[in-house]
Amino acid sequence: MMVPQRYRTALFQAFLRYAASLERKSRALVGALRPFVDRAIPYWILGWLALAALRMVSAPAPIASFTEFASVFLPYAMIALAPPLGFRLAEAAFPAGVDKWEPQFRLAFVGRWEAIDRDSARRHPMFGPVGFMASLLIGLLLNVVLRSGEFLIAVPAVSMAGPDWARAIFLAMAFEVVAMNFLYLVCFVMALRTIPLFPRMLALTWMFDIALQLTTAGVVKSQADLPAEVATALVELLQGNITKVLISVAVWLPYLLLSDRVNVTYRSRLPA
């Protein structure tokens, strides 16, 4: 049965109104993200250090000296400070409204595009990290929380007095969390401030994340006297992390290459 034209028109107009409403809500959400992160920094640091203190109290071997305490506390403190440091340094490096860092050549060759100047791109209705891009921004923040929480739960606190293999695992996994928390917050700021290099930075961060997981797995396997059950559990954890990164790549890479919004916002070009 054919739907009368007036009903099709009404449905189409209702869809347009719904899409416009989602666009407004998305822009409001993205506009609130930067102030939210700024306000959340002290709570993040204090909350993480409080949870780390509980983890240190329940360490497998008691922490008997200040030196042992410092050897455990310092990695936890670095994890707490890495996201705020990435956030602040990226904001200082990429001031809002400054049009720099335009690549001299494009790596995204998929599709047919017509270049426009940056001012025209900024005036285009598709400009801005909103819509589906807002989900990516939130995902970058959640990744920091989830990766940190995973470390807190899965890796016990080990001081210098602990076994060499346990200490090596603790430090390797802590360094991984510090590095990735820092880089994902840098990507967040670059995306939020519409820096043209953002897609490349995110791709490099994904590759570094996978390389770091593989390096950590190599460090774990190289430890003498490593219990087999510990090795198995950690390898499964690292493989799970690699799988999550690859899923992110599979979901977001096509969008970053083909989305009109991404191309207008970060590459200053429109579909030809």
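**Close-up views of a predicted helical chain**

Of the 272 residues of the chain, 41% count as buried, where buried means under 20% relative accessible area, exposed over 50% and partly exposed in between, with a 1.4 Å probe and protein chains only. The model is predicted, so local features need pLDDT of at least 70 and side-chain atom pairs count only at pLDDT 80 or more, while totals for chains, interfaces and linings use all residues. Residues are numbered from 1 along each chain as its sequence is written, and side-chain values use heavy atoms, with hydrogens and water left out.

Figure 1. Along the sequence the pattern reads α-α-β-α-α-α-α-α-α-β. Of the contacts in the chain with a separation of 6 or more, 83% are between residues 24 or more positions apart, a contact being heavy atoms within 4.5 Å. The chain exposes about 14700 Å², and carbon and sulfur atoms supply 71% of that area. Accessible areas come from the Shrake-Rupley method with a 1.4 Å probe; for residues, only the protein chains shown count as cover.

**Figure 2. The largest nonpolar core.** This core has 39 residues, and Met 133, Leu 136, Phe 188, Phe 198, Leu 202 and Leu 256 have the most contacts inside it. A nonpolar core is a set of buried Ala, Val, Leu, Ile, Met, Phe, Trp, Tyr and Cys residues joined through side-chain atoms within 4.5 Å. Two or more residues come from each of helices H1 (5-57), H2 (66-93), H4 (132-154), H5 (164-192), H6 (198-221), H7 (228-258) and H8 (260-267). H5 gives the most, with 12 residues. Leaving out residues up to four places away in sequence, Phe 188 touches Leu 33, Val 37, Phe 87, Leu 137, Leu 140 and Leu 141. Another core, of 28 residues, lies apart from this one and includes Ala 52, Ala 174, Ala 217 and Leu 237.

**Figure 3. Arg 34 and its contacts.** Arg 34 is placed in helix H1. With a relative accessible area of 27%, Arg 34 is partly exposed. Residues up to four places away in sequence aside, Arg 34 touches Phe 87, Arg 88, Glu 91 and Leu 192. Arg 34 and Phe 87 are 53 residues apart along the chain, and their C-alpha atoms are separated by 9.7 Å.

**Figure 4. Ser 148 and a polar contact with Asn 181.** Ser 148 is found in helix H4. Its relative accessibility is 1%, so Ser 148 counts as buried. The side chains of Ser 148 and Asn 181 make a polar contact at 2.9 Å. Such a contact is a pair of N or O atoms within 3.5 Å; within protein, one must be able to donate a hydrogen and the other to accept it, and residues adjacent in sequence count only if both atoms are side-chain atoms. Not counting residues up to four places away in sequence, Ser 148 touches Trp 44, Trp 48, Ile 79, Val 177 and Asn 181.

Figure 5. The largest pocket has a volume of about 400 Å³. Its lining has 19 residues, of which Gly 139, Asn 143, Lys 244, Val 245 and Ser 248 lie nearest the centre. H4, H6 and H7 give two or more residues to this lining, and H4 gives the most, with 8 residues. The structure also holds 1 cavity of 30 Å³ or more. About 50 Å³ of space lies in the largest cavity, which is lined by Arg 147, Glu 150, Phe 151, Val 155, Met 173, Glu 176, Val 177, Leu 237 and Asn 241. H4, H5 and H7 give two or more residues to the cavity lining. On a 1 Å grid over the protein atoms alone, a cavity is a set of points where a 1.4 Å probe fits but cannot get out, and a pocket is an open set with protein on both sides within 12 Å along at least five of seven lines; lining residues have an atom within 4 Å of a point. Grid points are joined across faces, edges and corners, and a volume is the space filled by probe spheres set on the points.

Figure 6. Most residues other than glycine have a negative phi. Thr 194, in the loop between H5 and H6, has a positive phi near 55 degrees. Thr 194 counts as buried, at 6% relative accessibility. Ser 268, in the loop between H8 and strand E2 (269-271), has a positive phi of about 50 degrees. Ser 268 is buried, with a relative accessible area of 5%.

Technical notes: Helix = DSSP H or I, 4+ residues; strand = E, 2+ residues; numbered from the N terminus.
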